[in-house]
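Please look over the structure shown below before reading the numbered points.

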Amino acid sequence: MSLDTGLSGPNETTASGPVTATSRATGSGRGRWLVFWGPPAAVLVAVVGLWYAVSYLLLDPQRRFLVPPPHEVIRVSFFDPFNLRELLGALWLSTRIAFIGLAIAIVIGMAMAMAMSRAKWVERSLYPYAVLTQTIPILAMVPLFGFWFGFGNFSRVLVVVLFCIFPVVANTLFGLQSVQQEHHDLFTLHGASRLTRLWKLQLPAALPAIFTGLRIAAGLAVIGAIVGDTFFKQGEPGIGILIDRYQSRLQSEQMVGAIILSSLLGIVVFWLFGFVARRAVGGWHESAGGQDV
C-alpha cells in the first residue's frame, strides 16, 4: 500500500511518461524564448504584410517604385554583388565616423560631468553650454562646419559629437550627484581624498546612469553620421550620401536597403552598450542593461 503525500520529487510521472527537472527547464526555456521573441516577431510579420499590401493593393504597377515590395528590396540591394559591395563600403565608413565621434563625446562629456560634480560654479559655467548643443539647430550648423573645417571626415565627426555629447553629460552628472549623503559621510569619516571618493564611490554608483546615457548617445551617433553624410555630400560616400544619391536616381530598392542597413547599425550599437552594461553592473542593478532589442 502506497501513501500519496502530495509532494513531488525531482522526477514526476504523468500519463505521457516521466517528467524530469531537465524537461521542465527545457520547457520553461522555450516558454521564455517565445515570450521574449514572439511579440517582436509578430509585429515584424504584420509590418511585412502591410508593406506587401501597400505595394500590391494600393499602388498601380507604374507607381510601385514608390514602395517596392520587400523581396525586390532584398534581391536588388543584398543579392546583387555590386550594390551589396557599395552598401557595405558606405556602412563601414558611417560606422567608423559614428564610433569615433561617440568615443570623443564620451571622453569630453564624462570629463565635463566629473568637473561639474566637483564644484557648483563649474556646473553653472559649463552646463548651459552642454544644453546649448541640444538647442542649436545642428542641421543649420552643418554647412558652417563645412566652410570652417572642410567637407571631410573631421566635419562629420564633429556633427556626431554634437549629437551625442549632451546625453553623456546629463546622465553622468545625474549619476555622480545621486550618491547618498550617508555614503559621503562614511568616506569623510575615513579621510578619503577627492580622487578616492570619485573613483571608489561616485563612479561605481553612477554606472547605471552613465550606461543609460551611453545607450542614448550610441543611437544618436548613427543619426549624426548619416546626417553629416547627407549634408556634406563630398568625399568618400557613407550611407547618407548613398541614400541621397539613390533618391535622386529614383533607385527606391537600393534606398530602402540603405535605410534598413542604417537601422540595423543603430540597433547593433544600442544593443552593444546594453550588453556591456549588463556585464558591468547588471548583477547588482538590473535596470542598467535596460530592455533588450
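1. A residue is called buried under 20% relative accessible area, exposed over 50%, and partly exposed in between (1.4 Å probe, protein chains only). Leu272 has a relative accessible area of 34% and is therefore partly exposed. Buried residues make up 37% of the 293 residues in the protein.

2. The model is predicted: local features need pLDDT of at least 70, side-chain atom pairs count only at pLDDT 80 or more, and totals for chains, interfaces and linings use all residues. Residues are numbered from 1 along each chain as its sequence is written, and side-chain values use heavy atoms, without hydrogens and water.

3. The protein contains 10 helices and 2 strands; these are DSSP runs numbered from the N terminus (helices H or I, at least four residues; strands E, at least two). Along the sequence the pattern reads β-β-α-α-α-α-α-α-α-α-α-α.

4. Helix 8 (residues 194-232) packs against helix 9 (residues 239-248) at an angle of about 50 degrees, and their axes are 6 Å apart. Axes are lines fitted to C-alpha atoms over the stretch in contact, with angles from 0 to 180 degrees between N-to-C directions. The two helices are therefore oblique to each other, since angles under 35 degrees count as roughly parallel, over 145 as roughly antiparallel, 65 to 115 as roughly perpendicular and the rest as oblique.

5. On the surface, Phe99, Trp271, Leu272, Phe275 and Val276 form a nonpolar patch with about 390 Å² of accessible area together (Shrake-Rupley method, 1.4 Å probe). Patch residues have over 30% relative accessible area and no salt bridge, and nonpolar side chains are joined within 5 Å. A salt bridge is a side-chain nitrogen of Lys or Arg within 4 Å of a carboxyl oxygen of Asp or Glu. Helix 10 (residues 252-281) gives the most to this patch, with 4 residues; Leu272 lies in helix 10.

Key
Patches are made of residues with over 30% relative accessible area and no salt bridge: like charges are joined within 9 Å, nonpolar side chains (Val, Leu, Ile, Met, Phe, Trp, Tyr) within 5 Å.
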